[in-house]
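I opened the notebook to record what I looked up in this structure, going through strands, then helices, then a single loop residue.

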Amino acid sequence: MKLGLGLYRHQLNAEHYRFARQCGCTHVVIHLVDYFRSSRSNQPGDQPVGDDSGWGLAGDPDRLWTAAELRAIKAEINAAGLELEAIENFDPAHWHDVLLDGPRKAAQLENVKTIIRNVGEAGIPVMGYNFSIAGVAGRVKGRFARGDAEAVGMDGPLDTPMPNGMAWNMVYDRNAAPGCVPAATPEQLWQRLGDFLSAVLPVAEAAGVTMAAHPDDPPLPTIRSQPRLVYQPALYQKLIDLRPSPRNALEFCVGTLAEMTEGDIYEAVDTYSRQGKLAYVHLRNVRGKVPFYKETFIDDGDVDVKRVLRILKQNHFTGVIIPDHAPQLSCAAPWHAGMAYALGYLKALM
Ligand SMILES: [Mn+2]
């Protein structure tokens, strides 16, 4: 097992790479989507949250991430003494109609294939994605964690419909016609995932890139009146079996799985790690289940993190583990201190 740190787009610089090294990380996972662009309610400094208007404006639909820019980022990370394990998430600007089954779907499936080829060409082994219409929406921030530390959680469901021009909790078209995105059925959503995997898996296999699926965060059957894909642990198996391939794998999020109403977190860790399906792991702790749960310090929630690591070790998991989120510590550098605390705890357990 290897220790890693997840970095947002605005954190991709030498200072944050040094910080990762100083915390004992050997790997990083990076976000290239700017979740904080033109948003009133979603501010950098912590994980993205935001209100009904979402995380802000998606990227440039005509600018795909090139192999050259990916190679340059990787070189900088390597120069800092770290490995670049994965890119986390596609930009809604590049694939909204793949999620929505919209008019640009065919062209956007080509976008996604091009990006995967570029990721492979740059020598990055994993591409994480979250196949979700509404995305990570409906969470709130508050002093929920130990010692009144600021953390994220859910305080009841969110089913106000999503406005046109929005996908994956970001705005891809500011000039969209008024009105709301019609609700898909769960069958339609799984059909869309099948179309996506059929298109990208052959490319991923050729490019040597593992596709890693994050479950729905928060894991409710619907958010903003749109169905969700993986909101119970067993649905991960449905995703794997939908298109069997060594490149069809999981961005295995322990916190999200623990928030689900069914199943047992240790059983889920065992089931999927035994199959060798964990591309990489998000490891954090949580108290409660959807739609009322709160993220906690890593040593302080419902999950016995030591037991999780023990199961991973028994099943010979050798991949990267990152704390995907952490409560903010009360000090001059709340995000850094929160991450350092989680990383130190994980490193000691490892
Ligand atoms: Mn996660």
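I took helices (H or I, at least four residues) and strands (E, at least two) as DSSP runs, numbered from the N terminus, and I let two strands count as paired if DSSP finds at least two bridges between them. I kept in mind that this is a predicted model, in which local features need pLDDT of at least 70 and side-chain atom pairs count only at pLDDT 80 or more, whereas totals for chains, interfaces and linings use all residues. Residues are numbered from 1 along each chain as its sequence is written.

**Entry on the open sheet.** I looked up an open sheet of four strands and found the order β5-β6-β15-β14, with antiparallel pairing. Its edge strands are β5 (140-145) and β14 (285-289), each of which pairs on one side only. Between β14 and β15 (residues 292-296), which run antiparallel, I noted five bridges, and R287 stands opposite K294 in β15.

**Entry on the barrel.** I then followed a closed barrel of eight strands, β1-β2-β3-β4-β9-β12-β13-β16, with parallel pairing.

**Entry on two helices.** For angles I used axes that are lines fitted to C-alpha atoms, for helices over the stretch in contact, with values from 0 to 180 degrees between N-to-C directions. The axes of α3 (residues 92-100) and α4 (residues 105-121) come within 8 Å and cross at roughly 130°. I therefore wrote down α3 and α4 as oblique to each other, given that angles under 35 degrees count as roughly parallel, over 145 as roughly antiparallel, 65 to 115 as roughly perpendicular and the rest as oblique. Counting residues as in contact if their C-beta atoms, placed from the backbone, lie within 7 Å, I found that H94, W95, D97 and V98 in α3 meet K105, Q108, L109, N111, V112 and I115 in α4.

**Entry on N130.** Is N130 buried or exposed? N130 counts as buried because it has 22 C-beta neighbours inside 10 Å, the rule being 20 or more other C-beta atoms within 10 Å for buried, 12 or fewer for exposed, and partly exposed in between, with C-beta atoms placed from the backbone. I located N130 in the loop between β4 and β5, where it touches N89, G135 and H214, not counting residues up to four places away in sequence. I also noted that N130 and A213 are 83 residues apart in sequence and 5.7 Å apart in space, C-alpha to C-alpha.

Conventions:
Contact = placed C-beta atoms within 7 Å.
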